[in-house]
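Hi,

Here is the structure I said I would pass on.

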Amino acid sequence: MTHERNWFNSESHVSPHSPNNSDLRSASSTGNVLSKAADFLSMTTLSSRLFHTASAHSVQDYAAPLRTNHHSYLSPKDRFRAAVHKIIAMHRGASSIIAAGGLRVGAEPGVDPRRRSAHAMHSHIEGDCSIEVVDYSSVRSKHRTMTKSEFIEFMDMDGGEQPSSSIVDGKPDITREPWVKVRWINIGGISWSIIKALALRYDLHPLALEEILHGHSRNRSKAEYYAQHLMLHVLCHEVGNSPESSSGLPGQDMGNESFRASHKDHNTAPSKRLATDTLYRFSGRKYRNVLPRTRNDTHTPMNSELEKILTKENNIRRAKKKHLEQELSVEAMKAADERVHVRVSPMFMFLLRDGTVISIHAVPNSRFTAPITQRLRSRDTLLRKSADPSMLIHSLLDLIVDRSLEVAEEYHRQITKYEHDILLHVSSKRLRQLHVLSGDLILHQRTLDPIKTLIYGLRRYDLDRCAALVDASDAANKDVKVVGFMSHTSKIYLADVYDHMVYILTSLDMYSNVTENLINYSFNAASYEMSNIMRLLTLVTILFLPLTFLTGYFGMNFEFMWSVKKNSDLLFWEIAIPILLVTIPIAMLVDIRRLWHYMQKKHVSRAALRRG
C-alpha cells in the first residue's frame, strides 16, 4: 500500500483547473467515484502496472500540469481530486485498449487530435507521404513540395514577414501571402502526424477525421457539410497494369498498398501493435506477461473482466484471419484469369471558407492528381483565371470521373474480345472469365453510383445543406446570410461532370447486361450442342434399328431355316434396302419440312426483290 500511495502522489496530481475539470465535477458528484477510488488504491502492484502501462499517454494529460516535488503541501481535498483524475485517466486508457482491439461498438464518435488517447490509438498509422502545397491566383502561382517534417513545421508556423489574406480560427493565416486566392494542399498517403497537423491548423471536424482513419476503404462516396468546411469522400477508379491492382472483393483495399501499409493491423488485426505492446514486454528470446491473464494470477474481479476482453479479442482476430484467408484464396483464383485490373482507392477533399482546398489520396504519390498540378502551372487555364476554390473541387471530381471513363472503356474492349471468342467457340474458361467480369462490373456499379448522387447534391442542394447548418432557434442567426460552398460557375461545370457520370453508369449497366447475355448464350449454346448430339445419336439408332432386327433374325441358330439354307446374303439386302428407303424419310420428316419451308421463304424473298 505504501508503494501505491507514493505512486499516486508522485504521478497523479492534477490541477482542479485542468481542461477536463467537468469530468471531475461529474465524477465527484456520485458515490461510485469514492468506491472506485478505494478499489484502485487497494490494487496489487501488478494491477497498478497494468493501468499505468495502458494509459501512459492519458495520464500525462492530467498529471503533467501539477507535477511537483512539494506534493506533501497539497491538501487532502486536492489529493482526492488527483486520485479521481487518475481513475478517469485509467478508464480512458483501458478504453483505448478496447477500441484498438476492434471492439468499437458504442464508442464515442469522432477523432479529436487534441486528446492523447487519440494519439495512442492512431500513432501507428504512419505511411509514406507525398505533399504538395500550391498557392495561386489569376496572376501568380507558387508550387512547393515538402517532406512530412517540413509540412508539420509549416502548419505550426506562428510568425511571418508577410501580412495575411485569410483568417483561420479567428486568427490571421500567416503562411499565406496577400496575393494568394486559393491554397491547395495535396497529400498522397495516410499519416497520423500529417492529419493531426491539418486538423489542428484548420479545425477539421472530428467526424471527418474518423472517416479518414476508421472508415472502410470501400465506403460509398458522399459529401458531408460542417460549419467549418465541406468534406467529400470519393472513391477513385483507375486502370492498373498488374494483378495486385485488380478490383476484387468489396472488403479489400485493392490497388492501395500504401493504404494497407499505413493501416497495418488497423483493420485486419488492430490490436497487434498497440495491445500486444501493452500486454507484453520482450525479455530475452521469450515474451513474458506483464498483465494478469487468468484468475490464478490475482483474485481481483478486474482480472476476470480482462480475461474476457482478451478472449473476445482473440476470437475476433481468428475470425478475421480466417475470413481474410478465404478472400485471398478467391482473389488468387480470379487473378489467374484475364481480367481488367482496376485500382480503387479513396480520396478525401476538404473545402474551407478561406479558399483552402485539402485533398488526401491514399496512394503515396501525386501521380493521380498530376494533370491538375500541370494545369495550375499555366496562366490561361480556367482554374487560374477563375481563382475559385470550388472550381478546384470540380477539377478533382472531373479528373476522377475521367479516370472512371477509362475504366468503362477498358471493360468495353474486354467484353468485345470475350464476345468474339464466345461466338466462335464456347469454352469453360471463357465462362469463368465472364463470371469474374460480371462480379467486377456489379462492384463498380455499387462504388460509382454514389458519385453521381454526390455531384447532383453539390449542384442542387449545396445552399440547402449550408442553411441546415445554421441554428434557427438562436436569435442571433436570424439575419445570417447563407452562402454555399460551391460557386455558380462550378455548378454549371458540374453539370458536364454529372452527364459523364450518367454515361459511365449506363455503360456499365449495359456491359453487365451484355455479360449476363453472353453467359446465358454460352449455356444455351452448350445445351443446344448437346441436344443436337443426342438427336444425331437417336437418328442413327432409328436408322439402323431395322437392320439390327434383320441381323438378329438371320443370325438365329436353327437347324432348318429356308431363308439361310436356300439363299445367299443377297436376300438380306433385298429386304434391308426397301426398309431403309421407308425408314429414312419417316425419321427425317421434321428436317424435310424445315427445308421445304426454308425454300418457300427464300423463293418469296427473291420474288419480292424482283418486283421491287
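Predicted model: local features only at pLDDT ≥ 70, side-chain atom pairs only at ≥ 80, totals over all residues.

**The strands around β5**

I would start with β5, which covers residues 182-188. β5 is mostly covered, with 7 of its 7 residues buried. Val 182, Trp 184, Asn 186 and Gly 188 point one way from the strand, while Arg 183, Ile 185 and Ile 187 point the other way, and both sets are buried.

Which strands does β5 pair with? One partner is β1 (residues 130-136), which runs antiparallel to β5 over 7 bridges. If you want a place to begin tracing that pairing, Ser 130 stands opposite Gly 188 of β5. Another partner is β11, and here the pairing is parallel, over 6 bridges. On that side, Trp 184 has Val 357 in β11 as its bridge partner.

**Salt bridges**

How many salt bridges does the structure hold? The count is 17. Side chains of opposite charge can pair when their charged atoms come close. Here are a few that I looked at one by one.

- Asp 135 and Arg 144 meet through their side chains, at 2.5 Å from N to O. Asp 135 has a relative accessible area of 2%, so it counts as buried.
- Arg 176 pairs with Asp 354, and their closest N and O atoms are 3.5 Å apart. This pair links distant parts of the chain, 178 residues apart: Arg 176 sits in the loop between β4 (171-172) and β5, and Asp 354 in the loop between β10 (342-352) and β11 (356-361). Buried or exposed, these two? Both Arg 176 and Asp 354 are buried.
- Glu 238 pairs with Arg 367, with 2.6 Å between the closest N and O atoms. Again the pair links distant parts of the chain, this time 129 residues apart, from Glu 238 in strand β7 (residues 229-239) to Arg 367 in the loop between β11 and α14 (370-377).

Most residues other than glycine have a negative phi. Asp 203 lies in the loop between α9 (192-202) and α10 (206-213), and with a relative accessible area of 23% it is partly exposed.

Ala 387 is another case, with phi near 50°. Ala 387 is also in a loop, the one between α15 (382-386) and α16. At 18% relative accessibility, Ala 387 counts as buried because the cut-off is under 20%.

**Surface patches**

Which helices supply at least two of its residues each? They are α16 (389-424) and α19 (488-554). The largest share, 3 residues, comes from α16.

Ile 586 is located in helix α21 (residues 570-587). At 61% relative accessibility, Ile 586 counts as exposed.

**One last contact to check**

Arg 460 lies in α17 (residues 428-460) and is partly exposed, with a relative accessible area of 46%. The C-alpha atoms of Arg 460 and Lys 491 are separated by 8.4 Å, and the two residues are 31 residues apart along the chain.

That's the lot from me. Happy to go over any of it when you have had a look.

Cheers

Technical notes:
Residues numbered from 1 in each chain as written. Heavy atoms only, no water. Helix = DSSP H or I, 4+ residues; strand = E, 2+ residues; numbered from the N terminus. Salt bridge = Lys/Arg side-chain N within 4 Å of Asp/Glu carboxyl O. Buried < 20%, exposed > 50% of the residue type's maximum accessible area, 1.4 Å probe, protein only. Pairing = 2+ DSSP bridges.
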